[in-house]
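Please look at the sequence and the structure shown below.

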Amino acid sequence: MKILVCISSVPDTTAKINFTPDNKEFVSAGVTFILNPYDEIALSKAVDLATTNNGTVTVINVGDPSTDAVIRKALAIGATDAVRINAIPRDSFFVAKQIADYAKKNSFDMILCGRESSDHNGSSVPVMIAELLEIPCILFAKSLTIDGTTATLDSEIEGGKEVITTSMPFVAGASEGMAEWKIPNMRGIMSARTKPLTVVEPIEVAQKVKLVSYDKPILRSAVKMIAVDDASKLFDIIREEKKII
Amino acid sequence: MSVLVYIENAEGTFRKSAFEAISYASAIAAKLGKQLVALSIGNVSNDELAKAGQYGATKVLNASGDKLNTPNTQAYSSVIAAAAKAENAEVIVLSASFAGKTIAPRVSIKLDAGLAENVVSLPVMDGAFTVKKGSFSGKAYSIIEMLAGVKVISMMPNSYKVVPSAQSAQVTAFDFIPDAKDFTATVKERVKAGNTISLPEAELVVSAGRGMKGPENWGMIEELAKVLGAATACSKPVSDAGWRPHSEHVGQTGIAISPNLYIAVGISGAIQHLAGVSSSKVIVVVNKDPEAPFFKAADYGIVGDAFEVVPKLIEAAKAFKASQN
């Protein structure tokens, strides 16, 4: 069983997000970058599946050399080998095209991604990869089991879940519940140093969207404290002052 | 040229987010001077289809039939792309619902279009076509210029108001049968959760954290939500502990929400939690610790024990609801 896991390097979830004064660029100084938490779920599941099915897990990342630390962490968690497409990601279409191109040249039984990255939150890369490869994509996948050549996945929908079956290959976007996060052990960390990391140059992709600038949410005014004894007035106060209920 | 909006139904009834999407698309169509075409897929009654006209669509395409009556995002993407081509659509709008997030990227590839996801306001169309979308899990926004001729936009639920229109729509069948490869994945079963109010679409959300001390104490949270007609949610430690399902976890690694009112009980307000709920229009925080960081991000705060405050809020909600009737 050959599994491809797509990973991205994102600001730590505790990081404060800051931009240059003209709001054109993200300020990465002082920010720790981590393996995207949803990708880590996908990777954990892939490692489990590969272990029980005598398979391999290749992680793929689109990024410059600064993402190598995150790739090594994925190898320490249990990936067999890694590929880095040597380019700074421009947008989700660019990333998906690079990964789909690699996947076409190196066939896989399944491609696992996180359901979204915690920086751009688009949920687009898994679906675009699937569309480019003309295979199914089960996004928001909360569970995944394999029985022979058939996969069964639970996918979150409004007010519940869908149980979906598919043949291979397919793409899934891992959500919480699919697997427990794995903490690399010392053996994994040591072996990650010697596992293969192949660097591949990107293919050309037409640009369809362009980041112009960033913006921050409007700060709220100071909190208005309400005494416990006045809690019964809360909804009247909200209605009168905010007119939203 | 036209603007096409995909209107999603749940078991034959259009979702609230579908009417938001039509209203949003209607504003774009008016600005561009184009016709607004709505597309419904699946088994929807004529009465329900006619509702699309009440929010600005002049034409409603109805794609139904055995193969399309069970939701299938891959097949639906093909139908939407085919309708967009047939209507020569310049802008395609969808709701960023769970299904919409799986459909929009496929449609963008099929149409060789640009894609902007989780858009929170109307595009600025002053020569360039720019949109504002949520980024960094609610900690910021990105302003994106869409360069391609055809543009696909998925809009965040609750980010645009429903605007009724005096329009009436002509309903037309749209006959399109997707390719067999679109049906490789099959929905075997749909399972409803206990709380049927969808978190991303909910206008009111009551959420609770570890301050509730255990899952056995969630009854009062559910009761408050029920009285208000709200969805229930929880913090990450609560879902990690198995007190509540992962589907209720709101925050940076859970569901990002933007309800009108978010009531947080016994949640301290870690930066990851705030990220996913900061788009809420009004935030009320109940916590016994006056130093809880969440108070700094709230509109209203009550310092007190959840077991004392929540019953008061339930009574207050009942009285408030009674005064509305």
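## A pair at one end of the sheet

A:I85 has A:V200 of β11(A) opposite to it. In this predicted model, strand β5 (residues 81-86) of chain A runs parallel to β11(A), and four bridges join them. Strands (E, at least two residues) and helices (H or I, at least four) are DSSP runs, numbered from the N terminus; two strands pair if DSSP finds at least two bridges between them.

Helix α2 (residues 68-77) of chain A lies across β4 (56-63), β5 and β11 of chain A, at about 160° to β5(A). Contact here means heavy atoms within 4.5 Å. Axes are lines fitted to C-alpha atoms, for helices over the stretch in contact, with angles from 0 to 180 degrees between N-to-C directions.

## The whole sheet

The sheet is open and has 10 strands with mixed pairing, in the order β11(A)-β5(A)-β4(A)-β1(A)-β6(A)-β10(A)-β7(A)-β8(A)-β9(A)-β13(B). At its edges stand β11 (197-200) of chain A and β13 (186-192) of chain B; each has a single partner strand, so one side of each has no neighbour in the sheet. On average, neighbouring strands are turned by 30° against each other, direction ignored.

In a regular strand, side chains alternate between the two faces of the sheet.

## Two hairpins around β8(A)

Strand β7 (residues 137-147) of chain A is antiparallel to β8(A), with six bridges between them. A:D147 has A:T150 as its bridge partner in β8(A). The hairpin of β7(A) and β8(A) has two residues between the strands, and A:G148 takes a positive phi near 65° there.

β8(A) also pairs with strand β9 (residues 160-167) of chain A, in the antiparallel sense over eight bridges. Here A:T150 has A:S167 as its bridge partner in β9(A). Two residues again lie between the strands of this hairpin, where A:G159 has a positive phi near 70°.

Why is strand β8 of chain A largely enclosed by the rest of the structure? Six of the eight residues of β8 (residues 150-157) are buried, where buried means under 20% relative accessible area, exposed over 50%, and partly exposed in between (1.4 Å probe, protein chains only).

## A patch on the surface

A:M186 lies in helix α5 (residues 186-192) of chain A. A:M186 is exposed, with a relative accessible area of 56%.

Together with A:I189 and A:M190, A:M186 forms a nonpolar surface patch of about 290 Å² accessible area. Areas come from the Shrake-Rupley method with a 1.4 Å probe, and for residues only the protein chains shown count as cover. Patch residues have over 30% relative accessible area and no salt bridge; like charges are joined within 9 Å, and nonpolar side chains (Val, Leu, Ile, Met, Phe, Trp, Tyr) within 5 Å. A salt bridge is a side-chain nitrogen of Lys or Arg within 4 Å of a carboxyl oxygen of Asp or Glu.

## Conventions

Residues are numbered from 1 along each chain as its sequence is written, and chains are lettered from A and ligands numbered from 1 in the order in which they are written. Local features need pLDDT of at least 70, side-chain atom pairs count only at pLDDT 80 or more, and totals for chains, interfaces and linings use all residues, while side-chain values use heavy atoms, with hydrogens and water left out.
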